Amino acid sequence: MKKTMGSYYLAAVMALTFSLQVAAADLPEIEKSGTLKVATEDDYAPFNFMNNGNADGFNKDMLAALREYAKFNVTQSILPWTGLLAAVSTGQYDMALTGAVVTDERLNVFNFTPPWASAQHYFVKRAGDTSLNTIADLSGKKVGLQAGSALLARLPELKAMIEKTGGKLGPVVEYPSYPEAYADLANKRLDYVINVVISVNDLVKAKPKVFAKGLAVSGPGYMAWPIPKNSPELLAYMTKFTNHMRETGQLAALQKKWFGETYDDLPTEPITSAAQFHKLAGQ
């Protein structure tokens, strides 16, 4: 069932407010227990998805590398995206190992590991749709995106871009997962869908007769793993792991495998504040 932006926003605010009162396990507790608990999703290709009944994707390979690197067990729980970050923020899991985009709002609750991919937002349309060629063409059109995603937080950028052309942002429909949004786009219940560029490229490559890539609808952005603010030692540990993957060439190999390109100019430090994020992203 689809919900309004307002209802999901209220739920998110309540979850994040509660999360500030709950202590997550930091590295000493994790090492003492011998287990790092990570939460992932399974419906967001090419980051996490199911392939013939088995987990697959960039983060599946990164998880395998983390298990080799760590001296403790790493357990994985697969959750729906709409509740994943709330579950991490309330201490049910130690961190999220999924395709999370850095945003100002999320930085109120989480710190982020060094980024491992670009997260600029693009729109995707139906293949053969010649009516959506410019930002101005999006005026008044119905757009779909995943509920609880970072793309909601950056919709004001698209709204401003459309208003600059004399138009206005049309109705926004939120979905539990992107496959549902894409199905409605293909069936003409939506005019376009917004997602990060990696996912748009992956979709169009897989279904070129159904979907086509549109234009950028945001400025630069980053994808990284969120870790609760009260786990600074875990953040430092995961920063070392991420940079280990970069320095050994494993990260570039996985970027090429799953994203079709490498990202050699990403920040190598964790992102911990909105001010730092804006400076890195040139906002």
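Visitor: Which residues of H9 and H10 meet?

Guide: His244, Met245 and Arg246 in H9 meet Gln250, Leu251 and Leu254 in H10, where contact means heavy atoms within 4.5 Å. By class, that contact has three nonpolar, two polar and one charged residues; Ala, Val, Leu, Ile, Met, Phe, Trp, Tyr, Cys and Pro count as nonpolar, Asp, Glu, Lys and Arg as charged, and the others, Gly among them, as polar.

Visitor: Before we go on, what kind of model is this, and how are things numbered?

Guide: This is a predicted model, in which local features need pLDDT of at least 70 and side-chain atom pairs count only at pLDDT 80 or more, while totals for chains, interfaces and linings use all residues. Residues are numbered from 1 along each chain as its sequence is written, and side-chain values use heavy atoms, with hydrogens and water left out. Helices (H or I, at least four residues) and strands (E, at least two) are DSSP runs, numbered from the N terminus.

Visitor: Back to the pair, then. At what angle do H9 and H10 pack?

Guide: H9 and H10 pack at an angle of about 80°, and their axes are 4 Å apart. The axes are lines fitted to C-alpha atoms, for helices over the stretch in contact, with angles running from 0 to 180 degrees between N-to-C directions. H9 is therefore roughly perpendicular to H10, given that angles under 35 degrees count as roughly parallel, over 145 as roughly antiparallel, 65 to 115 as roughly perpendicular and the rest as oblique.

Visitor: And how do H3 and H9 cross?

Guide: The axes of H3 and helix H9, which covers residues 232-247, come within 11 Å and cross at roughly 110°, and that makes H3 roughly perpendicular to H9. H3 passes H9 in a right-handed crossing; a crossing is left-handed if the near helix is turned anticlockwise from the far one by less than a right angle, and right-handed if clockwise.

Visitor: Which residues of H3 and H9 meet there?

Guide: From H3, Met62, Ala65, Leu66 and Tyr69 meet Tyr237, Met238, Lys240, Phe241, His244 and Met245 in H9. Sorted by class, the contact of H3 with H9 has eight nonpolar, one polar and one charged residues.

Visitor: What about H3 and H10, parallel or antiparallel?

Guide: Helix H3 (residues 58-69) and helix H10 (residues 250-259) pack at an angle of about 155°, with axes 10 Å apart, and they are therefore roughly antiparallel to each other. H3 passes H10 in a right-handed crossing. On the H3 side the contact is made by Phe58, Asp61 and Met62, and on the H10 side by Leu251, Leu254, Gln255, Lys257, Trp258 and Phe259. These residues divide into six nonpolar, one polar and two charged.

Visitor: Changing topic: is Ser218 buried or exposed, and where is Ser218 found?

Guide: Ser218 is found in the loop between strand S14 (211-216) and strand S15 (222-224). Ser218 has a relative accessible area of 8% and is therefore buried, since buried means under 20% relative accessible area, exposed over 50% and partly exposed in between, with a 1.4 Å probe and protein chains only.

Visitor: What is Ser218 in contact with?

Guide: Leaving aside neighbours within four places in sequence, Ser218 is in contact with Gln120, His121, Arg154, Glu157 and Met161. A polar atom of the Ser218 side chain lies 3.0 Å from the backbone nitrogen of His121.

Visitor: Where is His121, and is His121 buried or exposed?

Guide: His121 is found in strand S10 (residues 121-126) and, at 2% relative accessibility, counts as buried. A polar atom of the His121 side chain lies 3.4 Å from the backbone oxygen of Ala119.

Visitor: Last topic, the backbone. Which peptide bond is cis?

Guide: The peptide bond from Ala45 to Pro46 is cis, with omega near 5°, and Pro46 is found in the loop between strand S2 (43-44) and strand S3 (48-51). Most residues other than glycine have a negative phi, and most peptide bonds are trans.

Visitor: What is phi of Asn52 and of Lys188?

Guide: Phi of Asn52 is near 55°, and phi of Lys188 is near 70°, each a positive value in a residue other than glycine. Asn52 lies in the loop between S3 and strand S4 (54-56) and counts as exposed at 76% relative accessibility. Lys188 lies in the loop between helix H7 (178-186) and strand S13 (192-196) and is exposed, with a relative accessible area of 64%.

Key: A polar contact is a pair of N or O atoms within 3.5 Å; within protein, one must be able to donate a hydrogen and the other to accept it, and residues adjacent in sequence count only if both atoms are side-chain atoms.
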